[in-house]
Amino acid sequence: MANTVTDTVNDTALPSSIDDTAARLLAHDYVAERALATTLFLSLKLQRPLFLEGEPGTGKTEIAKTLAAMLGRPLIRLQCHEGLDLAGAAYEWNYARQMLEIRLAESSGAGGTADGRDSLARELFSDRFLTRRALLQAIDPAQPLPPVLLIDELDRADEPFEAFLLEVLSDFQITIPEYGTVQAPPGRPPIVVLTSNRTREIHDAVKRRCLYHWVGFPDAAREAAILARRVPGAPQKLAAEVVAFVQRLRAVELYKLPGIAETIEWTRALMELNAVQLDPEVVNNTLGVLLKYQDDIAKVQGSEAARVLQQLRSEAQAAA
Ligand SMILES: Nc1ncnc2c1ncn2[C@@H]1O[C@H](COP(=O)(O)OP(=O)(O)OP(=O)(O)O)[C@@H](O)[C@H]1O
Ligand SMILES: [Mg+2]
């Protein structure tokens, strides 16, 4: 039965508690807030897909990669896009090879009898002609270990595509009309992570089958911890100022706020320029690493950047 808690050999590799989940993520340089560690722990225990929605660059995709690494599972990634269909996501029949097989059967005379035609028809829809894509690979009973299946940026796919997912998400199975039903081995479903940037709402039927977590921007302490993990060589003062600056920038009304990915990139860029702390000039010259819209850059460049810098300096002084 899918969706039940089953003690299998592989469960021993799963985290034993919320603290253990957080600690093991941290050992792979992923700094999770308590709520995420809790939802993830539960999704592993209950064998339910994890649905992550949130701001760009806040660690949604990374969690699936980290999970695969920390559990020693293969990662199977389905990048969603407009026009994605069953053939691109789950399986497809290899028509060219099927045609070739038909020609060969014809030329050998095997297609001439009713029996011959029946066996040819069966053969044409067998394993040999089935091209397995991400969803089918993820539930393939031949997989030695249940993989991590990342269904990334589901909001980019067209709405009807979500209907294809329902069977996979609730029963870890796919029904192929000409072939039969393929199901993950009982008690060993793939670990499924879905992400969305919420450019549109995902259907309730998909959400209902998952545990949900909203991935927001981190607070200053967590962002500093992430930076320490991801850019360990950053000068302390620079790292502290970068975090303080980005945190403040997120309070400015911008079209696109910088994510954690941008904080990391900016720190690396500043280090390339040998900066040991922020100053108005270096901030103005490197804003393109942090902000990707000209209107946002124009808004921050100059007086706004100077104001934010001034503010964080005076606060740092007051705290000292
Ligand atoms: N909690 C975190 N701990 C450690 N690193 C993080 C964390 N969150 C984000 N990062 C870093 O930020 C980078 C970007 O994260 P990721 O690609 O997962 O973002 P995303 O939410 O999937 O963004 P998008 O919506 O743009 O795809 C990661 O490569 C990782 O280095
Ligand atoms: Mg992503």
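Reader: Which residues are closest to ligand 1, and how many surround it?
Author: In this predicted model, ligand 1 is surrounded by 19 residues, and the closest are Pro56, Gly59, Lys60, Thr61 and Glu62. The elements that give two or more residues to this shell are α3 (60-71), α10 (220-230) and α12 (260-272).

Reader: OK, where does ligand 1 lie relative to the domains?
Author: Ligand 1 lies between domain 1 (9-87 + 133-215) and domain 3 (220-314), because both of them give residues to its shell.

Reader: Switching to helices, at what angle do α1 and α2 cross?
Author: The axes of α1 (residues 18-27) and α2 (residues 34-46) cross at roughly 110° and come within 8 Å, which means that α1 is roughly perpendicular to α2. Their contact is made by Ile18, Thr21, Ala22 and Leu25 of α1, together with Ala37, Thr38, Leu40 and Phe41 of α2. By class, this contact has 6 nonpolar, 2 polar and no charged residues.

Reader: What about the sheet of 5 strands, in what order do they come?
Author: The sheet is open, its pairing is parallel, and the order is β2-β5-β8-β1-β9. Since β2 (75-79) and β9 (211-215) are at the edges with a single partner strand each, one side of each has no neighbour in the sheet.

Reader: Then which strands does α2 touch?
Author: Helix α2 packs on the sheet and touches β1, β8 (191-196) and β9, with its direction making about 155° with that of β9.

Conventions. Residues numbered from 1 in each chain as written. Chains lettered and ligands numbered in written order. Predicted model: local features only at pLDDT ≥ 70, side-chain atom pairs only at ≥ 80, totals over all residues. Near = placed C-beta within 6 Å. Helix = DSSP H or I, 4+ residues; strand = E, 2+ residues; numbered from the N terminus. Domains from an automatic or database assignment. Axes fitted to C-alpha atoms, helices over the stretch in contact; angles between N-to-C directions. Parallel < 35°, antiparallel > 145°, perpendicular 65-115°, else oblique. Contact = placed C-beta atoms within 7 Å. Nonpolar A, V, L, I, M, F, W, Y, C, P; charged D, E, K, R; others polar. Pairing = 2+ DSSP bridges.
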